[in-house]
Amino acid sequence: MTKTLNIDDYENYLREHVKHYVVTIFKGRGKYGKVAFENLKDAVTYRNNLKTANPMARCMVYGISQPPNSLSQITVDMKV
């Protein structure tokens with residue numbers, strides 16, 4: 001029998017295996033821009049600069065996770 005993880009444990013597990021980060025910017029109905037970063041600090045700085053320039057900007061920092069037991073990449077909200 002395997003241990004069942006709750007959603008918080010699962011998201012933390014995914015965050016432990018993040019390979020890179022993406023800031024996604026909402027540009028209009030169904031349109032998004034994406035900027036990739038190698039580390040979380042740069043992604044958060046970029047997001048903060050967007051918010052400073054335009055406080056109404058809708059953007060989010062995601063991590064691209066590649067857990068060892070998964071063949072595909074999984075996006076996870078970094079909650080920063």
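Trainee: How many aromatic pairs does the structure hold?

Mentor: In this predicted model, the structure holds two aromatic pairs. One of them joins phenylalanine 37 and tyrosine 46, whose rings lie 5.3 Å apart, centre to centre, with 45° between the planes, and this pair is tilted.

Trainee: Is phenylalanine 37 buried or exposed, and how does tyrosine 46 count?

Mentor: Buried means under 20% relative accessible area, so phenylalanine 37, at 15%, counts as buried. Tyrosine 46, at 28% relative accessibility, counts as partly exposed.

Trainee: Which residues form the largest nonpolar core?

Mentor: The general idea is that in soluble globular proteins nonpolar side chains tend to be buried together. Here the largest nonpolar core has 11 residues, namely Leu14, Val18, Tyr21, Val23, Ile25, Phe37, Ala43, Cys59, Val61, Val76 and Met78. Strand S1 (18–28) and strand S3 (59–65) are the elements that give two or more residues to this core, and S1 gives the most, with four residues.

Trainee: What is valine 23 in contact with, once its neighbours within four places in sequence are left aside?

Mentor: Valine 23, itself a member of that core, is in contact with several residues, among them Phe37, Ala43, Tyr46, Cys59 and Val61.

Trainee: Which residues form a nonpolar patch on the surface?

Mentor: That patch is formed by Leu5, Ile7 and Tyr10, which together have about 290 Å² of accessible area. Leucine 5 sits in the segment before helix H1 (7–16).

Terms used: Residues are numbered from 1 along each chain as its sequence is written. This is a predicted model: local features need pLDDT of at least 70, side-chain atom pairs count only at pLDDT 80 or more; totals for chains, interfaces and linings use all residues. Side-chain values use heavy atoms; hydrogens and water are left out. Patches are made of residues with over 30% relative accessible area and no salt bridge: like charges are joined within 9 Å, nonpolar side chains (Val, Leu, Ile, Met, Phe, Trp, Tyr) within 5 Å. Accessible areas come from the Shrake-Rupley method with a 1.4 Å probe; for residues, only the protein chains shown count as cover. A salt bridge is a side-chain nitrogen of Lys or Arg within 4 Å of a carboxyl oxygen of Asp or Glu. A nonpolar core is a set of buried Ala, Val, Leu, Ile, Met, Phe, Trp, Tyr and Cys residues joined through side-chain atoms within 4.5 Å. Buried means under 20% relative accessible area, exposed over 50%, partly exposed in between (1.4 Å probe, protein chains only). Contact means heavy atoms within 4.5 Å. Rings of Phe, Tyr and Trp (its six-membered ring) pair if their centres lie within 6.5 Å; planes under 30 degrees apart count as stacked, over 60 as edge-to-face and the rest as tilted.
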